Amino acid sequence: MVRQPIIAGNWKMYKTPSEAVEFVRRLQEASAGVDNVEIVVAPPFPALVPVAGVLAGSFIGLAAQNMFWEAEGAFTGEVSPVMLAEIGCRYVILGHSERRQYFGETDANVNRKAWAALDRGLVPIVCVGESLDEREAGRTEKVVTAQIQGCLAGLPADAVAGLVIAYEPVWAIGTGRTASPADAQEVSARIRALVAELFGREAADRVRIQYGGSVKPENTRALISQPDIDGALVGGASLKVESFAGIIRETG
Ligand code: PEP
């Protein structure tokens, strides 16, 4: 099964709308000609509309970093999947470890959001990963298994096939400490085997699994060449055109 690699830049709470627009203009030039990699950027909410304007018809896709599960209502401060779909988002990041750590995101919430996103034609990028304590206690597989079971509970197999799962060990996010390619592969293979158990072989063969955690151009190739790693979710290194385009070129 050939899965197209997907490189997504999670900008977190960085870049104003004008900075974001300038960035994607430059990224389009810097990554032109790399045609076998799907490229996605996830700007903060205020930048989504202007960036969508620049990216209309472009090879670069747009993601939101979060959403709520209701279509509309009295939910102050929240953004709905209907709104994201209308402005041209194709993806939405769900369950990022920073949302779990600072904003109380749970697997059950991620599951409700995943259902709502799929219902509106958005593709969830579902983030899972163990903390340092959990890894050191030998609990990585148990933790990631519970996250996958909770986040994907009850989803139809064909929807799971179209998802992106980002394996992001929490201790590697923003720390400069990357999982070794062998460790990242081991957990990614375990995730794929779990998807096969829960949703069938076809979903497991088709679902794309990204690695995330201090990815940069220098370590991209070794990670991406692992059989069960189909791309990267990139934080810090996606904030500079040179490093993000470098990761994209190393993938292509
Ligand atoms: C992330 O925020 O998803 C991430 C992987 O960050 P970084 O690349 O900076 O570790």
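In helix 5, the buried residues (20 or more other C-beta atoms within 10 Å of their own, C-beta atoms being placed from the backbone) are Val110, Asn111, Lys113, Ala114, Ala116 and Ala117. The model is predicted: local features need pLDDT of at least 70 and side-chain atom pairs pLDDT 80 or more, while totals for chains, interfaces and linings use all residues. Residues are numbered from 1 along each chain as its sequence is written. Helices (H or I, at least four residues) and strands (E, at least two) are DSSP runs numbered from the N terminus. Helix 3 (81-86), strand 4 (91-94), strand 5 (123-128) and helix 7 are among the elements that cover the buried residues of helix 5, contact being C-beta atoms within 7 Å. Glycine 121, with a positive phi near 80°, follows helix 5.

Helix 5 (residues 107-119) packs against helix 7 (residues 140-151) at about 40°, with the axes 7 Å apart; axes are lines fitted to C-alpha atoms over the stretch in contact, and angles run from 0 to 180 degrees between N-to-C directions. In the contact, Asp107, Ala108, Val110, Asn111 and Ala114 of helix 5 meet Gln147, Gly150 and Cys151 of helix 7. By class, four of these residues are nonpolar, three polar and one charged (nonpolar: Ala, Val, Leu, Ile, Met, Phe, Trp, Tyr, Cys and Pro; charged: Asp, Glu, Lys and Arg; polar: the others, Gly among them).

In helix 12 (residues 241-251), Phe244, Ala245, Ile247, Ile248, Glu250 and Thr251 are buried. Their cover includes strand 1 (6-10), helix 1 (17-30), strand 2 (38-42), helix 11 (217-224) and strand 8 (231-234).

Conventions:
A residue is buried if 20 or more other C-beta atoms lie within 10 Å of its own, exposed if 12 or fewer, and partly exposed in between; C-beta atoms are placed from the backbone. Two residues are in contact if their C-beta atoms, placed from the backbone, lie within 7 Å.
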